[in-house]
Amino acid sequence: MDIIKLRELLERELSSSELAELDEDFYREFDSLIKALKLSAESSHERGEDIEERLYLAQLNIAERLMREIIKIRLHKIVDLAVEGLPYGMTAEEKRIFTILRAFIEREEIPVEVPTEGVEKVEEVPEEEPLPRREIREAYLVKIDIPKVLDPELREYGPFKAGDLVTLPKAIAKVLLERDAAEKIKIAP
């Protein structure tokens, strides 16, 4: 998946009153594209490649805007299909939305667990016990404005403004300290 495919899909959605056909993993592929663009932008930033970083961020912005438009158009069509009661041409995620809409329209109880007829069931992951809360022993005083950053597990942090007092994962804090972008502050118990 790339921006060109997203643009072509948007054009197909705009030119037809019916849902354009999508691969079953379309939304997962989009999520992978976004993660890849974010990682590439971060990597370019760390290497000091400002132009390359801006290009990746621009691509990220375009991809997200295209996807918002695609989703908005597809949701309008799914609502129309739900009113008519005709489920076709949808991905598994969209079928779940359709089922909820149909239940709402028919004034039925809205299903908590939506039946996914003909859709591969996703295995439920048992809930983990919550981790015991750790006392915060150190924080970081941010010295410069910092955009959103990702940790090794791809969780977002920020953006931060100069003067913000924040708690951060050690991996991010280490990078900020090395670049003199933050100062460690000890917190007494």
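**A quick chat about the fold**

User: How many helices and strands does the secondary structure of the protein come to?
Analyst: The protein has 5 helices and 5 strands; helices (H or I, at least four residues) and strands (E, at least two) are DSSP runs, numbered from the N terminus. This is a predicted model, where local features need pLDDT of at least 70, side-chain atom pairs count only at pLDDT 80 or more, and totals for chains, interfaces and linings use all residues. Residues are numbered from 1 along each chain as its sequence is written, and side-chain values use heavy atoms, with hydrogens and water left out.

User: And in which order do the elements run from the N terminus on?
Analyst: The order is α-α-α-α-β-β-β-β-α-β.

User: What share of the residues is buried?
Analyst: Of the 189 residues, 27% are buried. Buried means under 20% relative accessible area, exposed over 50%, and partly exposed in between (1.4 Å probe, protein chains only).

User: Okay, S44: where is its place, and is S44 buried or exposed?
Analyst: S44 sits in helix α2. It counts as buried because its relative accessible area is 1%.

User: What is S44 in contact with, leaving aside neighbours within four places in sequence?
Analyst: That would be E49, E52, E53 and Y56. Contact means heavy atoms within 4.5 Å.

User: New topic: where does D23 lie, and is D23 buried or exposed?
Analyst: D23 lies in the loop between α1 (3-14) and α2 (26-46). With a relative accessible area of 52%, D23 is exposed.
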